[in-house]
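Take a walk through the structure shown here. It goes chain by chain, from overall make-up to single residues.

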Amino acid sequence: MIRDRRSSRQLVLWLALALCTLLLAACGGNSGEDDAVSSDDETQSPETESEDTSADDDSEMSDDEPDAEPEGEAYTVGLLNLVQNPTLIAIQDAFVAELAAGGYVEGENLTIISANADGDFASLPTLVQSQIDEGVDILAITTTPMLQAALNVTQDLDDPPLIVFNAVTDPYAAGIAVAPDDHPEWIIGAQMFPNIDVTVNLLQELFPGGTIGYLYNPSEANSVAQTEELEKLLADTDLTLEAATITDSSEVRTAAESLIALNPDVLFYSQDSTVGDGVAGLIQVANDNAIPLISNDPQSVSVGAALGIVVQFEENGRQTGEMAAQYLDGSLDPATFVIPRTEGFFYMINNDSIAAQGLEVPQEILDQAVDQTPEG
Amino acid sequence: MADPITLAESSGVEPSQTRAPESGVSDSGVPTPPASKTARAATRYATAIVLFGALFLAMGGVGSIGVWISALAVGLTLSSAAIGVYLTFRVLDFPDLTVEGSFALGGAVTGLMMTNGYSPFATLPAAFTASALAGLLTGVIATRLKIHSLLASIIVTTGLFSINLRILGRSNLPLLSEGSFLSPFQEGFKGFIRGALGDDQVRYANNLLAIIMVGCFVVVIKLLVDWFMASELGTAMRASGDSPQMMRALGRNTNSYIIFGVGLANGLTGLAGSLASQFQGFSDVNQGLGLIIGGLAAVVIGETIFRPRTLPQATAAVVGGMLIYRLAVAAALTINFGGFRFDAADVKFVTAALLLITLASSRVSRLGGQ
Amino acid sequence: MILKVKDLHQTFNQGTINEVQALRGVSFELAESEFVTVIGSNGAGKSTFFNAIAGAFTPTRGSITIDGQDVTTWPEHRRAQFLGRVFQNPLQGTAASMTIGENLTLAMVRNKRLGLGRTLGARRRRQLREYLEPIGLGLENRLDDRVALLSGGQRQAMTLVMASFSDPKLLLLDEHTSALDPETARQIIEMTDSIVGERQLATLMITHNMQQALDHGTRTMMLHKGQIVLDIGEADRQGMTVAGLVAKFAENRNEELTDDALLLGG
């Protein structure tokens, strides 16, 4: 009996050691982001290789300022993101850059704390709370689920930090605000709703009288809002919408195959993150069946969608950075602020996919589109 | 000595090979008329036919071969996981939820390697090894620390989530641009299909190629597993799961065999994770969620419909069960009876209903036989 | 002495409300080729005694020596090299999902390293056939049949064959006929006598049946409340009846035996 106990203890120690070794090995094997090559056009492509504002790094710095700084105050801004992907990182980068342009530079009068949930929804409230505990002046929230968690955590506080949101498709459908001028006092931001109107016009032009094979996840409030907008706008056209729903990224391929059976002229999805996760399956189906894939998702074109009609997401980041800077200046009153929607869109094309999927892209679009075709 | 007890007679269902079958009386005195056996078999096959018939009916409302081909391809990539689940749940009597984590681990290792330039084929042994280690860990925790297998496996699978995240670097990693095990053969095969079946069928080429390649792979894996299970080590492993008391009385440390078996089963699951990630074009930390349901469905359906009696029959049966299950899921997603469509959210309900029907019909047929 | 048990104590759930002193100082010796029957009422400690010898747990106090080796702290599977066991539950001694041949092979290779070779190759089948034919059960003709098809009695017979396969130093039979119907039980007991007699195996047999205890073996030991109360050797057993045994018990213990099953030969 005694012998068993001793050997059990030894075993636990060995196990702990093995676990630590495994963890260390896994840390060492962190591959980082090196998917597609970055293109060198005017507008920054979403697939940038560098990620120095890597969201899972705690870049907290001390509060002592160099005495040379004329501005007395130092501020802390918390960046909170749900997942890591190049588009969201680009948005956050634009936010920070605009803050710097407004006079708030990291390391001088600004401290930035970042956190990334890496898709773990259960940890969202904890991440928000821990940044609040660190005394942030502004919470810069990226993505809707993160925003919902932040709302929940802050709504009972007497003096919540300012929340500025970006990369949120529809804060109204998400229950954050009622209208652009009717929102919780401490929450402002810029809505990033896809340009469904432009998309529908384009679809009408390219596939008159055709059928659209559409995918979305009905359990994402954003997607429901986008789908409703889509259906509303399609009512004035002669296009038919065939929708397939999914609940998990692994279902995308099967759902896409089921849409093929309905003979669509084009496959389409908007800004649905579940479809986005599984877009590889959609792309394979599009390529196999030579049916064009069009989307509003900035991530999709470099991976294999033929054409993207994408919101100027960096502008979205910049707008919110400007709001944050103005707030710190004292020239912005959150309570009366009206939540804008980021205007402006651009086209992304993938020439390989255009060829494989057989899409005829109008010349004007080809001329102005950002080329996302992977090299090699 | 009066009439000695011999083993030439059996009270079992099937007749021995040394005597002609007759409706003998067993030790317990219950007559076993041979007619009931046919009744049982008939009910079983009737169930199978009903299931397949339902599938065909559904197909009537669909008319797209692509869905079925795709479902078969997916089913084949998951088949080695089905064998793994069978190994832990049935052979080792060790309910093991590690498979959800080790499936994703296989995909994560594959993602990491492929984005660093390794060949898709090299990822397979790596995925197997990594996932096998996870299984070994579960086995050790369960047997040495005397923690129930479910708890031990949940502990490991939870820890694996974080590890997988670290390996991938993000929760979802696209892999299309890296290619897959199909890449070297894709163009050639497309040309072959174009020549053999015509231009219009080229759209199925990729899925067909996957079916052929993964199909061969699954056959090889199955044969290896069968061979191992028939070896001395494998036999001892099976006995450790079936009758640990007997094995201890024969001087074997059952813990070691169980640990090894759980490791092997999870290694197989890791292989499935690697194949799945390559085939679907991305690796997601959450891709293991729901795998246990699929695996158990495959085992239940396979056992009920094919009634395997030996281990080689069983491994074939669970592969068949996985294929049937995936076909049924595809059918659910594509049923289109005059506008009525199943939502993706309904698929889980369909899965549950399918399992219920399968299990209930097997009970019913057993009752009917007696 | 094949088996030496010295001052064996075993307490379960020590310090809790369920504390049970199963064995309270048992000292016992078994010589080579001795066949001892062990009796006792429920809760006397018979199974605990066996489990202690087999190694299911390490005793609270005392030592166990088998064939000169102190095995007191050895785990179950390590001690098994000396032991052959047949359990009360006929389903416990054989693996139901595997074939007769596979089960027997596992018994045959019990002390050898296992490899990746085929379990039932031609050579092994021949070896099994040579071993099994004299036993006269017909097992050698059914090597590929699944054990699940066998009845309880047939499985118990198989377990007995497996337990005695390599002539173990000590054979432990834990009420191995009590779950069988009378006719099958009788056959198993006869088989036991025959195997043990032919190979002169040191054997300990627990039985719930006092008559059976007297009819078989060369010595009878009775446990009561965790202690040995009677140990009757060959000479004293001649002509001993159940009634005599009961009287002797009362004499030793100054109390009455009230276990019906034990007395009536359950």
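Among contacts in chain A between residues at least 6 apart in sequence, what percentage join residues at least 24 apart? The figure is 74%. This comes from a predicted model. Chain A has 13 helices and 12 strands. Of its 376 residues, 55% are buried.

Turn now to chain B and its helix pairs. Two packed helices are described by the angle between their axes and the distance between the axes. Start with helix H4 (residues 123-144) and helix H5 (residues 149-168) of chain B. Their axes come within 9 Å and cross at roughly 140°. H4(B) is therefore oblique to H5(B), because only angles over 145 degrees count as roughly antiparallel. The crossing of H4(B) and H5(B) is right-handed. H4(B) brings B:Ala134, B:Leu137, B:Thr138, B:Ile141 and B:Ala142 to the contact. H5(B) answers with B:Ser149, B:Ala152, B:Ser153, B:Val156 and B:Leu160. By class, the residues of this contact of H4(B) with H5(B) are seven nonpolar and three polar, with no charged ones.

A second pair joins helix H2 (residues 65-91) of chain B to H11(B). Here the axes are 9 Å apart and the angle is about 80°. H2(B) is therefore roughly perpendicular to H11(B), because that class covers 65 to 115 degrees. On the H2(B) side, the contact is made by B:Leu78, B:Ala81, B:Ala82, B:Val85, B:Tyr86, B:Phe89 and B:Arg90. On the H11(B) side stand B:Leu291, B:Ile292, B:Gly295, B:Leu296, B:Ala298, B:Val299 and B:Glu303. The contact of H2(B) with H11(B) has 11 nonpolar residues, one polar and two charged.

Follow H11 (291-306) of chain B to its end. The loop between H11 and helix H12 (311-334) of chain B holds B:Arg307. Phi of B:Arg307 is positive, near 40°, in a residue other than glycine. Is B:Arg307 buried, exposed or partly exposed? B:Arg307 has a relative accessible area of 25%, so it counts as partly exposed.

One more residue of chain B deserves a look. B:Asn206 sits in helix H7 (residues 205-230) of chain B. With a relative accessible area of 10%, B:Asn206 is buried. Which residues does B:Asn206 contact, leaving aside its neighbours within four places in sequence? They are A:Asp288, B:Leu182, B:Gln186 and B:Lys190. B:Phe279 is 73 residues from B:Asn206 along the chain. The C-alpha atoms of B:Asn206 and B:Phe279 are separated by 9.7 Å.

Chain C comes last. Its helix H6 (residues 182-199) has 18 residues. H6(C) reaches 26 Å from its first C-alpha to its last, close to the 26 Å expected at 1.5 Å a residue. Buried residues of H6(C) include C:Thr184, C:Ala185, C:Gln187, C:Ile188 and C:Ile189. C:Met191, C:Thr192, C:Ile195 and C:Val196 of H6(C) are buried too. What do the buried residues of H6(C) pack against? Their partners in chain C are strands S3 (35-39), S7 (170-174) and S8 (202-206), together with helices H5 (152-163) and H7 (210-215).

C:Gln200 follows H6(C). Its phi is positive, near 55°. C:Asp167, in the loop between H5 and S7 of chain C, also has a positive phi, near 50°. At 42% relative accessibility, C:Asp167 counts as partly exposed.

How values were computed
Residues numbered from 1 in each chain as written. Chains lettered and ligands numbered in written order. Predicted model: local features only at pLDDT ≥ 70, side-chain atom pairs only at ≥ 80, totals over all residues. Heavy atoms only, no water. Helix = DSSP H or I, 4+ residues; strand = E, 2+ residues; numbered from the N terminus. Expected span 1.5 Å × (residues − 1). Buried < 20%, exposed > 50% of the residue type's maximum accessible area, 1.4 Å probe, protein only. Contact = heavy atoms within 4.5 Å. Axes fitted to C-alpha atoms, helices over the stretch in contact; angles between N-to-C directions. Parallel < 35°, antiparallel > 145°, perpendicular 65-115°, else oblique. Left-handed = near helix turned anticlockwise from the far one by under 90°. Nonpolar A, V, L, I, M, F, W, Y, C, P; charged D, E, K, R; others polar.
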